[in-house]
Amino acid sequence: MNTAVYPGTFDPVHNGHIDIARRAAGIFDRVIVAVYDLPQKSLLFNTQERVAMVREVLADVSNIEVSSYSGLTVDFCRERGAHTVVRGLRVISDFEREYQMSLTTRELAPEIDMVCLMTSLQYAFLSSTIVKEVALAGGSVSQFVPEPVSAALRARLTHHTP
Ligand code: ADP
């Protein structure tokens, strides 16, 4: 069984992430979308919420599992018997970050390789930050995220409006 881990913050998951996860599921026998527990950035959704959203929007793909994790991605991969880490690439700055990450991964765990999938053109501009900025400013995010995520954003931002 060829297992890959697709790690990220997914705060929240958007159509660009979903595209990468689905394409990875077409390449590997099993894909584990791994939601990083405590990234060094401020979060709009807690871990449980982020996992629940990813799970809901990818529920139709039978070889995708969703799990949260903390600590090193390579340790999570070893725990789950995965030898590949999948990441998505949009722009050159992503490449630089992923290149550095990939060399670090190689140092830490030579048996684990990183595979980067290029974004689909229509998602090249899309990030969780952009989604949150548009939602915060009162814009519609329905073309960027599936409906459950759009609803969660509306609820969270309405709740947080003073
Ligand atoms: P991280 O904080 O680990 O970068 P993200 O949730 O922002 O977590 O992203 C997870 C992965 O998905 C990263 O590899 C990122 O480059 C990729 N990704 C994010 N947005 C897109 C997109 N629009 N198209 C393709 N890949 C993307």
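Helices (H or I, at least four residues) and strands (E, at least two) are taken here as DSSP runs, numbered from the N terminus. By that reading, the protein has six helices and five strands. Please keep in mind that this is a predicted model, in which local features need pLDDT of at least 70 and side-chain atom pairs count only at pLDDT 80 or more, while totals for chains, interfaces and linings use all residues. Residues are numbered from 1 along each chain as its sequence is written, and side-chain values use heavy atoms, with hydrogens and water left out.

Let us start with the overall layout. Along the sequence, the pattern reads β-α-β-α-β-α-β-α-β-α-α. The C-alpha atoms occupy a box of roughly 50 × 30 × 30 Å along the principal axes. The radius of gyration, taken over C-alpha atoms, can be set against a globule rule of 2.2 Å times the number of residues to the power 0.38. For 162 residues, a compact globule would come out near 15 Å, and the protein's 16 Å agrees with this.

Now follow the chain into the sheet, where two strands count as paired if DSSP finds at least two bridges between them. Strand 1 (residues 3–8) runs parallel to strand 2, and six bridges join them. Within this pair, Thr3 stands opposite Arg30 of strand 2.

How enclosed is strand 2 by the rest of the structure? Six of the seven residues in strand 2 (residues 30–36) are buried, so the strand is largely enclosed. Buried means under 20% relative accessible area, with a 1.4 Å probe and protein chains only.

Finally, turn to the ligand. Polar contacts are pairs of N or O atoms within 3.5 Å. A polar side-chain atom of Arg97 lies 3.0 Å from a ligand oxygen atom, and one of Thr119 lies 2.9 Å from a ligand nitrogen atom. Tyr123 places a backbone N or O atom 2.8 Å from a nitrogen atom of the ligand.

Terms used: Buried means under 20% relative accessible area, exposed over 50%, partly exposed in between (1.4 Å probe, protein chains only). A polar contact is a pair of N or O atoms within 3.5 Å; within protein, one must be able to donate a hydrogen and the other to accept it, and residues adjacent in sequence count only if both atoms are side-chain atoms.
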